[in-house]
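User: I have a model open here and would like to talk through its fold with you. Could you take my questions as they come?

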Amino acid sequence: MTDHGPLVVSLLAPTFDAFHAALAKGAADRADLVELRLDRVAPGVLADPTGIASIVAHARRPVIAAIHGAEGFGGFAGTV
């Protein structure tokens, strides 16, 4: 944690493989928390819970999953 609070890195990717690639390249190495932006991932891909579990394990830090709608500059257009 920095003097200004936790550093959160937000990752936006279209596939679980792309999330893994970003983490492997060090996208979140200095982060205290990783936000997985899942609003651009295809719904069929999200149906596989092992994919998200694998990313969480790979992140090696706390993770929050978020699905943003248009109001949050995201791609989710469904209902809750």
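User: What follows H3, and what is its phi like?
Analyst: Arg60 follows H3, and its phi is positive, near 55°; helices here are DSSP runs of H or I with at least four residues, strands are runs of E with at least two, and both are numbered from the N terminus. This is a predicted model, in which local features need pLDDT of at least 70 and side-chain atom pairs count only at pLDDT 80 or more, whereas totals for chains, interfaces and linings use all residues. Residues are numbered from 1 along each chain as its sequence is written, and side-chain values use heavy atoms, with hydrogens and water left out.

User: Which residues of H3 are buried?
Analyst: In H3, which spans residues 49-59, the buried ones are Gly51, Ile55 and Ala59, where buried means under 20% relative accessible area, exposed over 50% and partly exposed in between, with a 1.4 Å probe and protein chains only. Seen down the axis of H3, these buried residues fall within an arc of 70°, so they line one face of the helix; the arc is taken over the directions from the helix axis to the C-beta atoms.

User: Why would that spacing give one face?
Analyst: An α-helix has 3.6 residues a turn, so residues three or four places apart point the same way.

User: And what do they pack against?
Analyst: The buried residues of H3 pack against helix H1 (16-24), strand S2 (33-37) and strand S3 (63-66), a contact being heavy atoms within 4.5 Å. On the other side of H3, Pro49, Thr50 and Ala57 are exposed.

User: Switching to the sheet, what is the strand order?
Analyst: The sheet is open, with 3 strands in the order S1-S2-S3 and parallel pairing, and two strands count as paired if DSSP finds at least two bridges between them. S1 and S3 are the edge strands, each pairing on one side only.

User: How many bridges join S1 and S2?
Analyst: S1 and S2 pair over 5 bridges in the parallel sense; among the partners, Leu12 is bridged to Arg37 of S2, and Ser10 to Glu35 of S2.

User: Which S1 residues are on the covered face?
Analyst: Val9 and Leu11 form the covered face of S1 (residues 8-12), while Val8, Ser10 and Leu12 form the uncovered one. In a regular strand the side chains alternate between the two faces of the sheet.

User: Zooming out, what is the order of elements?
Analyst: From the N terminus the protein runs β-α-β-α-α-β, and 30% of its 80 residues count as buried.
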